[in-house]
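Visitor: I would like to learn how to read a protein model. Could you walk me through one, step by step?

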Amino acid sequence: MLEVRALKKCYGNVVAVDGVSLRAGVGENIGLLGPNGAGKTTTVSIIAGLLRPDSGVVTIEGRPLAGDADPVKRQIGLVPQDLALFDELPAMANLQLFAALYDLDGAPARRAIGEALDLVGLSDRARDKVRDFSGGMKRRLNLAAALLHDPRILLLDEPTVGVDPQSRNAIFDNLETLKQRGKTLLYTTHYMEEAERLCDRVVIIDHGKVIADDTLPGLYRLLPVTNLLAIELENGDDGLLLEPLQSLPGVRSAERRGGTLRVGVRDLAAETPRVLQWLVDQGHPYRHVVSERADLETVFLNLTGRSLRDA
Ligand SMILES: Nc1ncnc2c1ncn2[C@@H]1O[C@H](COP(=O)(O)OP(=O)(O)OP(=O)(O)O)[C@@H](O)[C@H]1O
Ligand SMILES: [Mg+2]
């Protein structure tokens, strides 16, 4: 559906995007994850035809996108990072303006606006000025504005920034509905929990370069340890020796924190029974076991040596 090949964009000496390639199939939800300044907005702006790359191509269903006036652009809806709304106008008037930009008027415009307001749950606020909306409501209206021309590809640039948890969940629900309707979504965020919840595949970018592009399970396989077993021992620190535990097949790490043993394993299903049986055999009964999965933060840390949040 959407393919980006070797995009490059510099601002003076700053290389904002440095050879980014990615693809998104029909109905796929791709997360573009990276720290502040990684090049997410620049990439999305190029795909939306708002910025010309220095080199590289964007194709929609195999056809290259040739700048802002290309009719292929109608296939794309952009939810910009910076809100593009008129505060002094009611929500309805804002959407009418966006509809007019896409040459929609009369009954088709009214229907498109009605459906978009309905999807984002703002039908009963259509006559209120945007000025009086909460941050979350503005974000939802920003999303509605991108849907009026019924694009097949939706580019969402940090659609949940500055939004309260309730509105955030509402936006997630909206995105899940759009995905079910077969829309292709490209979703930028620096919140890894969002990428984990919403995306089929995650492209991680850093300093303008793609450093990983895979499904979540694929990304977790990059890690030496993908699961942690936290085992609360019945008798606390009862002289358990870590070395023999560490040398069990499949065990990658073992440490003890107070009465809790933390064991890193690669394959939870295969290795958990072995670890637990070993503990029983060695006379270390346990009372509670939980498993923790590595997250995208760990993947980013592993790839770059830096944390995603303060990169
Ligand atoms: N108009 C511009 N002029 C000069 N430099 C720019 C411009 N826009 C972006 N940059 C620079 O390009 C790099 C990439 O910026 P971009 O906005 O694409 O990052 P981002 O991943 O979207 O970051 P954020 O998470 O903060 O939104 C940064 O170093 C930024 O300072
Ligand atoms: Mg950005």
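Guide: Domain bounds come from an automatic or database domain assignment. Here that assignment gives domain 1 (2-220) and domain 2 (227-293). The model is predicted, so local features need pLDDT of at least 70 and side-chain atom pairs pLDDT 80 or more, while totals for chains, interfaces and linings use all residues. Residues are numbered from 1 along each chain as its sequence is written, with chains lettered from A and ligands numbered from 1 in the order in which they are written.

Visitor: What separates the centres of domain 1 and domain 2?

Guide: Taken over C-alpha atoms, the separation is 44 Å.

Visitor: How do I read phi?

Guide: Most residues other than glycine have a negative phi. In this model, Ala6 has a positive phi near 50°, and Asp103 has one near 60°.

Visitor: Where is Ala6 found?

Guide: Ala6 lies in strand E1 (residues 2-11). Strands (E, at least two residues) and helices (H or I, at least four) are DSSP runs, numbered from the N terminus. Asp103 sits in the loop between helix H2 (91-101) and helix H3 (106-119).

Visitor: Is Asp103 buried or exposed?

Guide: Count other C-beta atoms, placed from the backbone, within 10 Å of a residue's own: 20 or more means buried, 12 or fewer exposed, and in between partly exposed. Asp103 is exposed because it has 10. Ala6 has 13 such neighbours, so Ala6 counts as partly exposed.
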